[in-house]
Amino acid sequence: MDFELSEGHKMIRAMTREFADKVIAPKAEEVERTGNYPYDIMDKMADLGMMGIPFSEEYGGGGGDWVGMSLCIEEISRADAGLGALLDVALLAAHEIEVFGTEEQKRKWLTPLAKGKKIGAFALTEPDAGSDAASIKCTATLDGNEWVINGTKQFITDIGLDNALLAIVAAVSGKSKQGKSIINTFIVPKGTPGFTVGKSYDKIGLHSSSTNEVFFEDCRIPRDYILGEEGRGLAQHLAALQMGRICVAAIGVGMAQACLDASLAYARQRIQFGRPIINFQGISFKLADMAVVIELGRLMYLKAAWLKDNNLPYTFEASAAKLYASEMAERVASDAVQIHGGYGYMREYAVSRYYTQVKLMQIIEGTSEVQRIVITRTL
Ligand SMILES: Cc1cc2nc3c(=O)[nH]c(=O)nc-3n(C[C@H](O)[C@H](O)[C@H](O)COP(=O)(O)OP(=O)(O)OC[C@H]3O[C@@H](n4cnc5c(N)ncnc54)[C@H](O)[C@@H]3O)c2cc1C
């Protein structure tokens, strides 16, 4: 076994870390407080090729792999988890087109997404269909040479941003003989008449990531905007989500690493009872435990990404990485606030931001309970 990162991977990690420290981190608190999206930073990320590392150069990507992409996501999330979440969802949309799109669709839609100046959204969840994704009600009916989409999607990341190009939308196009919904996925360009981006949600954290309602009212798209095989839409969406779970794990590891870094620095300089608090075993043991679980989370997402890059099954590993890293990150963020004492509860200290943001990682792209269901199925 070789645990050494390649020179290329090390370069990606070093470049992203430097960019995250110098450009993203200084603005992260302001972005989280105001919710004003850092388009300038995203533009720079696109220029540096960070938005499409694993996609083929033929379609505007970096010609890299998912190990490199996840390392990049970890480093970005260490500075701003909102940007990490943006990237994760943008990748979901682009990846689904890469895997299931026709040559023409890839040229037209994947290319701008892989270049990163435009981003895509992934629209599956509805008011009455979250974990039970097969129960969606949004419909897509064929009318001549057009699909007509009607319905509501909720909690949709990225679509509210000015540079959102499209959403990959799951909708029901009929019933099978067994009475099950036939679900297809569609490329729906933002701005198509009948496609409305609704209110932005008032979240408890992660204001640096945009989340909106989306409405489709007689929204007409060309017949060939269907993505992949007819009737296989849900399976395609779920396959894309499997990759997304690696990204969410990397976000969790990045947030946890940021909490450890801040806690270590704080514990070394905060004096109580005449000595730095790191000298108290109650604090130093917490730091040691944090370092151990973070490394385990990192190894798990890297293994899942490596399996994916090598075209090997990775269902168990992706779900295990997501489940473990998201729950681990919440515990680490809580310990980080504890180590900071009262200061940890103040916005001025980055750990307070991570503490409110981190819970989301256990909910998006399949809750912890759903991951356990997926994992059990693989046993
Ligand atoms: C900020 C944010 C961004 C999001 N971005 C997107 C996005 O871009 N695109 C998108 O499509 N969706 C997005 N989502 C939706 C997200 O994926 C769902 O919220 C998630 O899948 C859970 O669905 P739900 O909220 O309907 O909860 P529910 O499915 O109603 O679950 C409620 C609770 O019941 C549990 N539960 C449900 N079924 C079972 C079961 N069989 N066994 C055990 N427990 C169960 C769940 O784990 C959970 O604890 C986002 C959500 C948020 C909050």
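Start with Glu-146: at 31% relative accessibility, this residue counts as partly exposed, a class that sits between buried (under 20% relative accessible area) and exposed (over 50%), using a 1.4 Å probe and protein chains only. Its salt-bridge partner is Arg-220, which is partly exposed too, at 37% relative accessibility. The pair links distant parts of the chain, with Arg-220 in strand β7 and Glu-146 in strand β3, 74 residues apart.

Before going further, a word on the ground rules. This is a predicted model, where local features need pLDDT of at least 70 and side-chain atom pairs count only at pLDDT 80 or more, while totals for chains, interfaces and linings use all residues. Residues are numbered from 1 along each chain as its sequence is written, and side-chain values use heavy atoms, with hydrogens and water left out.

**Salt bridges**

A salt bridge here is a side-chain nitrogen of Lys or Arg within 4 Å of a carboxyl oxygen of Asp or Glu, and by that rule the count comes to 20. Helices (H or I, at least four residues) and strands (E, at least two) are DSSP runs, numbered from the N terminus.

| Pair | N to O distance | Elements |
|---|---|---|
| Glu-74 and Arg-298 | 2.8 Å | helix α3 and helix α7 |
| Arg-220 and Glu-146 | 2.8 Å | strand β7 and strand β3 |
| Arg-372 and Glu-327 | 3.1 Å | helix α10 and helix α8 |

Are Glu-74 and Arg-298 buried or exposed? Both are buried. Glu-74 lies in α3 (residues 66-79) and Arg-298 in α7 (residues 281-309), so this bridge ties together parts that are 224 residues apart in sequence. Arg-372, in contrast, is partly exposed, with a relative accessible area of 40%. Its bridge to Glu-327 joins α10 (residues 368-378) to α8 (residues 315-340), parts that are 45 residues apart in sequence. There's also a network of salt bridges, linking Arg-17, Asp-21, Glu-75, Arg-78 and Asp-261.

**Helices α6 and α9**

How do these two helices meet? The axes of α6 (residues 233-269) and α9 (residues 350-357) come within 10 Å and cross at roughly 150 degrees. Those axes are lines fitted to C-alpha atoms over the stretch in contact, and angles run from 0 to 180 degrees between N-to-C directions. The two helices are therefore roughly antiparallel to each other, a label for angles over 145 degrees.

On the α6 side, Met-255, Ala-258, Cys-259 and Ala-262 meet Val-351, Tyr-354 and Gln-357 of α9, where contact means heavy atoms within 4.5 Å. By class, this contact has 6 nonpolar, 1 polar and no charged residues. In α9, Val-351, Ser-352, Arg-353, Tyr-354 and Gln-357 are buried. The buried residues of α9 pack against α6 and also against α1 (7-34), α3, α4 (81-100) and α8.

Phe-155 has a phi near 60 degrees, a positive value in a residue other than glycine. Phe-155 sits in strand β3 (residues 146-157) and is partly exposed, with a relative accessible area of 47%. Leu-206 also has a positive phi, near 55 degrees. Leu-206 is found in the loop between β6 (195-200) and β7 (211-222), and it is buried, with a relative accessible area of 1%.

Terms used: Parallel < 35°, antiparallel > 145°, perpendicular 65-115°, else oblique. Nonpolar A, V, L, I, M, F, W, Y, C, P; charged D, E, K, R; others polar.
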